[in-house]
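The tour starts at one residue and then widens to the whole chain.

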Amino acid sequence: MIEPENWITVADRSSVETGSVIAVKAGDVDIALYNIDGQFYATHNICTHAHALLSDGWLEGDIIECPLHGGRFEAKTGKGLGAPVTCDIKTFPVRIEGDAIQVKVA
Ligand code: FES
């Protein structure tokens, strides 16, 4: 059986400037949406260490730093980069449809 694809429009391309991250929702999933050198990436927005929004943190290149304790992740891969972070963060596929940025959460 083929599952239907579940792409959800979360933002317009113009709403995420290059080098920035915004908070969006895909259904009830909190997403951090990144524009890194004109390419869009999505991770879960809630830090794996405690409850903080990565979209409130700082994006430097492709590294997002959590605002609460300074944990760092690779935004493109979700890889955690050491203490206090012990778990990677989930990433989601992103595609562009016209002006819309879509994320696939399931
Ligand atoms: S909540 Fe993100 S590093 Fe602690």
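Select G38. G38 sits in the loop between β3 (29-36) and β4 (39-44). Strands here are DSSP runs of E, at least two residues long, and helices are runs of H or I of at least four, both numbered from the N terminus. The model is predicted: local features need pLDDT of at least 70, side-chain atom pairs count only at pLDDT 80 or more, and totals for chains, interfaces and linings use all residues. Residues are numbered from 1 along each chain as its sequence is written, and side-chain values use heavy atoms, with hydrogens and water left out.

S20 lies 18 residues from G38 along the chain. Their C-alpha atoms are 10 Å apart.

Now colour by secondary structure. The protein has ten strands and zero helices. Its radius of gyration is 13 Å, close to the 13 Å that the globule rule gives for 106 residues, so the protein is as compact as a globular protein of that length. That radius is taken over C-alpha atoms, and the rule is 2.2 Å times the number of residues to the power 0.38.

Zoom out. The C-alpha atoms fill a box of roughly 40 × 35 × 20 Å along the principal axes. Next, colour by accessibility: buried residues make up 36% of the 106.

Terms used: Buried < 20%, exposed > 50% of the residue type's maximum accessible area, 1.4 Å probe, protein only.
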